[in-house]
Amino acid sequence: MPNRLRSDDPRMTETTAAKQAAKWLAEAWTSGNALPPLPAEIAPTDIAAGEAIAAALVEALALPVCGIRLAPGPDGLTLLSAPLLEPRMLRVGAPIAMASLRHARISAGMLGVLAEPLENGMPVFSALHPVIDIAASRYGTPPADASHQVADLGGLGFVLMGKRWIGALPEESEARIGLTGTRPYPIRAPLAALMRQAAAAASRWGGLPAGSVLVVAGLSTGSPPVAGQKWSAAIPPVGRISATLS
């Protein structure tokens, strides 16, 4: 792992600590090895510190960002925002190697494509898509606090995108996800309110250009996914999506 400074080292500013933590995370992202607990002197202590690490991680990975993803935190209730890396957004049907994902979690979600730049205010979408979100973690032990999950890009795994739907953003839906052939219980999802929350988060992160995306995950969740399973999700009226995990 990268060399680290002592907590009493005068060079250990907040920016330096964020960059050091990002180096640890970047190594785990690129190698696939489990990340041990971050040293106390560089570990995030709040959401703001986690976001600073996430921003530094994006720079360290040097991968394009295509939008902002809003997903449940460790408590399953609080929604956390983080940049969405373009290589992690895939069309449904693309192979997903579950062996490469640690502590995988699956949920139904929705993706909106921005029709115009987002800075402040309500987003305007050119299209909506149902998604299956597969969250993951670079940590050897799943983070128990939100700041560590945010630092790890919000637990980003892969976002599988279904067919495009053209229509006004629904106020709400009854989201479902389950193994194909089962009848999962629908969960009420306030889609418009969640997309407003995602837009506000994107504005706080610095805004997004037209063509970027907002993703809201966790509308309905399933049991831990494993290779060989086929999952199906529905976000009416936006659409349905099915994916086979490899």
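Modeller: This is a predicted model, and we can begin with leucine 153, which lies in the loop between helix H3 and strand E6 (158-161).

Colleague: Is leucine 153 buried or exposed?

Modeller: The backbone of leucine 153 has a phi near 55 degrees, which is a positive value in a residue other than glycine. A residue counts as buried when its relative accessible area is under 20%. Because the relative accessibility of leucine 153 is 0%, this residue counts as buried.

Colleague: Is alanine 62 buried or exposed?

Modeller: Alanine 62 lies in the loop between H2 and E1, and its phi, near 55 degrees, is positive although the residue is not glycine. The cut-off for an exposed residue is a relative accessible area over 50%. Since alanine 62 has a relative accessible area of 61%, the word for this residue is exposed.

Colleague: At what angle do helix H1 and helix H2 pack, and what is the word for such an arrangement?

Modeller: Helix H1 covers residues 14-31 and helix H2 covers residues 47-61, and their axes are 8 Å apart where the two pack at an angle of about 55 degrees.

Colleague: How do the residues of the contact of H1 with H2 divide into nonpolar, polar and charged?

Modeller: On the side of H1 the contact includes Ala18, Lys19, Leu25, Trp29 and Thr30, while on the side of H2 it includes Ala52, Ile53, Leu57 and Leu61. Sorted by type, the residues of this contact divide into 12 nonpolar, one polar and one charged.

Colleague: What span should the residues of H2 have, and why?

Modeller: The expected span is 1.5 Å times one less than the number of residues, and H2 has 15 residues.

Colleague: Which elements do the buried residues of H2 pack against?

Modeller: The buried residues of H2 are Gly50, Glu51, Ile53, Ala54, Ala56, Leu57, Val58 and Leu61. Their packing partners are H1, strand E1 (65-72), strand E2 (79-85), helix H3 (146-151) and helix H4 (191-205).

Colleague: Which residue follows H4, and what is its phi?

Modeller: H4 has 15 residues and reaches 21 Å from its first C-alpha to its last, close to the expected 21 Å. Among its buried residues are Leu191, Leu194, Met195 and Ser203. The residue that follows H4 is glycine 206, whose phi is positive, near 125 degrees.

Colleague: Leaving aside its neighbours within four places in sequence, which residues is asparagine 33 in contact with?

Modeller: Asparagine 33 lies in the loop between H1 and H2, and with a relative accessible area of 48% it is partly exposed. Its C-alpha atom is separated by 9.6 Å from that of serine 100, although the two residues are 67 residues apart along the chain. Once its neighbours within four places in sequence are left aside, asparagine 33 is in contact with Ala28, Arg102 and Arg138.

Colleague: Is the peptide bond from proline 236 to proline 237 cis or trans?

Modeller: Proline 237 is found in the loop between strand E10 (230-235) and strand E11 (239-244). The omega of the peptide bond from proline 236 to proline 237 is near 0 degrees, and this bond is cis.

Note on methods: Residues numbered from 1 in each chain as written. Predicted model: local features only at pLDDT ≥ 70, side-chain atom pairs only at ≥ 80, totals over all residues. Heavy atoms only, no water. Axes fitted to C-alpha atoms, helices over the stretch in contact; angles between N-to-C directions. Helix = DSSP H or I, 4+ residues; strand = E, 2+ residues; numbered from the N terminus. Contact = heavy atoms within 4.5 Å. Nonpolar A, V, L, I, M, F, W, Y, C, P; charged D, E, K, R; others polar. Buried < 20%, exposed > 50% of the residue type's maximum accessible area, 1.4 Å probe, protein only.
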